[in-house]
Amino acid sequence: HWVVMVTQEGCSFCVRLEEEILQPLRESGEFTEKVRFTFVDIGFPMPLNDFDGSPTTTTRFAGRYKGFGTPTLLFLSHAGKVLAPAKFGVPDIIDFYAYEIEETIRNLP
């Protein structure tokens, strides 16, 4: 499965999400066998290979999953199926949000 962060240059909330939540989750090793973490930058439409190998762009990819705002976290299967509702933005209470993201990942099918 994939955890995809929709981001763009200059997004301070994206930096906060990466540094305070996603990076520690990756470094913990707890989810190594469960998910892969990546990002899609929607600042400029860049070429991207979709899950089925077909060409698309970063903005079309994110738009398909309603990832127009940044940051948005997408929880997707290896085939691009939505496995859990997307998470939008970063709330003020970051500790609870970190727990919520961890639980979402733990409960992916």
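1. A residue counts as partly exposed when its relative accessible area lies between the buried limit, under 20%, and the exposed limit, over 50%. Y99 has a relative accessible area of 47%, so Y99 is partly exposed. Bear in mind that this is a predicted model.

2. Y99 sits in helix α3, residues 94-106.

3. Now the strands. β5 spans residues 72-76 and is mostly covered. Five of its five residues are buried.

4. In a regular strand, side chains alternate between the two faces of the sheet. For β5, both faces are covered. T72, L74 and L76 are buried on one side. L73 and F75 are buried on the other.

5. What is the sense of the pairing between β1 and β5? Strand β1, residues 2-7, pairs with β5 in the antiparallel sense. Five bridges make up this pairing. Within it, M5 has L73 of β5 as its bridge partner.

6. β5 also pairs with β6, residues 82-88. These two strands run antiparallel and are joined by four bridges. F75 has A84 of β6 as its bridge partner. F75 is also among the buried residues of β5.

7. The hairpin of β5 and β6 deserves a look. Five residues lie between its strands. In this hairpin, G80 takes a positive phi near 95 degrees.

Conventions: Residues numbered from 1 in each chain as written. Predicted model: local features only at pLDDT ≥ 70, side-chain atom pairs only at ≥ 80, totals over all residues. Heavy atoms only, no water. Buried < 20%, exposed > 50% of the residue type's maximum accessible area, 1.4 Å probe, protein only. Pairing = 2+ DSSP bridges.
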